[in-house]
Amino acid sequence: MTTQIKIVGLGGSASRRSSSTLAIENVLAGARNAGAAVVSMDVQTLALPMYEYGPTPSEVEPLVDAVRSAHGMVWCSPLYHGSISGAFKNAIDWLQLLSNDDPPYLSGKVIALVATAGGDQALQAINTMEFIVRALRGWTLPLTAPISRADAAFDEQGVPHDQRLGERLYTIGHELVQAAQTLAK
Ligand SMILES: Cc1cc2nc3c(=O)[nH]c(=O)nc-3n(C[C@H](O)[C@H](O)[C@H](O)COP(=O)(O)O)c2cc1C
């Protein structure tokens, strides 16, 4: 019997209508179509406390449990001042709770990277996230989606205006599942 691949989306922002969250939903649609079970976790709903040492706050447990059981993830942070957002980094910092797992952190998991930006430099957030995945011993999917001028990228239904962007996000979802299946063997 083959295990169903589980993909967790992580990202978003404090915006009422976050383009980062919409981007994640588009990737997860592709992953779902490829047969994965998908879970979306956005930083606004998670409302995590700032990382600190000590007992684990109850608000953090759903994130850590979801990531621990995931075969793959899609991350999407907005570009804030040339880097990832503080809220996204704080969520990642809580993955320190996976440090004593065997294997630790994101070992054996594949991470797809997507970023949104008001301007043209969304790739900067992708590059930052790539360093983080490496630090956490995960694998990055080669295909990424830096989304420039993201504030106008999606329609009211959350569909990208640019069909090529829609296809790219959907393809990332598919490739994420294929890569997760390969790593799970
Ligand atoms: C605090 C802050 C800093 C930002 N810094 C940048 C930046 O350095 N470069 C840029 O292109 N856009 C910047 N933006 C714009 C966001 O990257 C852009 O609006 C993004 O799509 C927001 O994602 P969201 O819709 O998920 O909130 C910034 C926005 C905020 C609120």
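User: What should I know about the model before I start?
Analyst: The model is predicted, so local features need pLDDT of at least 70 and side-chain atom pairs count only at pLDDT 80 or more, while totals for chains, interfaces and linings use all residues. Residues are numbered from 1 along each chain as its sequence is written, and side-chain values use heavy atoms, with hydrogens and water left out.

User: Which residues are closest to the ligand?
Analyst: A residue is near a molecule if one of its heavy atoms lies within 4 Å of it. Here 16 residues surround the ligand, and the closest are Ser13, Ser15, Ser18, Ser20 and Leu79. By class, this shell has five nonpolar, 10 polar and one charged residues. Ala, Val, Leu, Ile, Met, Phe, Trp, Tyr, Cys and Pro count as nonpolar, Asp, Glu, Lys and Arg as charged, and the others, Gly among them, as polar.

User: Where do oxygen atoms of the ligand come within a few Å of polar protein atoms?
Analyst: A polar contact is a pair of N or O atoms within 3.5 Å. An oxygen of the ligand is 2.6 Å from an N or O atom in the side chain of serine 15. For leucine 79, a polar backbone atom is 2.7 Å from a ligand oxygen. For threonine 116, an N or O atom of the side chain is 3.3 Å from a ligand oxygen. The protein covers 72% of the 640 Å² of accessible area that the ligand has on its own, by the Shrake-Rupley method with a 1.4 Å probe.

User: Which residues of helix 5 are buried?
Analyst: Buried means under 20% relative accessible area, exposed over 50%, and partly exposed in between (1.4 Å probe, protein chains only). In helix 5 the buried residues are Ala125, Ile126, Met129, Ile132 and Val133. Seen down the helix 5 axis, they fall within an arc of 120°, so they line one face; the arc is that of the directions from the axis to the C-beta atoms. The face turned away from the buried side carries the exposed residues Phe131, Arg134 and Ala135.

User: Which residues of helix 6 are exposed on the face turned away from its buried side?
Analyst: Those are Gln163, Arg164 and Thr182. The buried residues of helix 6 include Leu165, Leu169 and Leu176. The buried residues fall within an arc of 125° down the axis of helix 6, so they line one face of the helix. Leucine 183 lies in helix 6 (residues 163-184) and is partly exposed, with a relative accessible area of 31%.

User: What is the phi of tyrosine 105?
Analyst: Most residues other than glycine have a negative phi, and most peptide bonds are trans. Tyrosine 105 has a positive phi of about 50° although it is not a glycine. Tyrosine 105 is found in the loop between helix 4 and strand 4 and is buried, at 18% relative accessible area. Proline 103 is found in the loop between helix 4 and strand 4, and the peptide bond from aspartate 102 to proline 103 is cis, with omega near 5°.

How values were computed
A polar contact is a pair of N or O atoms within 3.5 Å; within protein, one must be able to donate a hydrogen and the other to accept it, and residues adjacent in sequence count only if both atoms are side-chain atoms. Helices (H or I, at least four residues) and strands (E, at least two) are DSSP runs, numbered from the N terminus.
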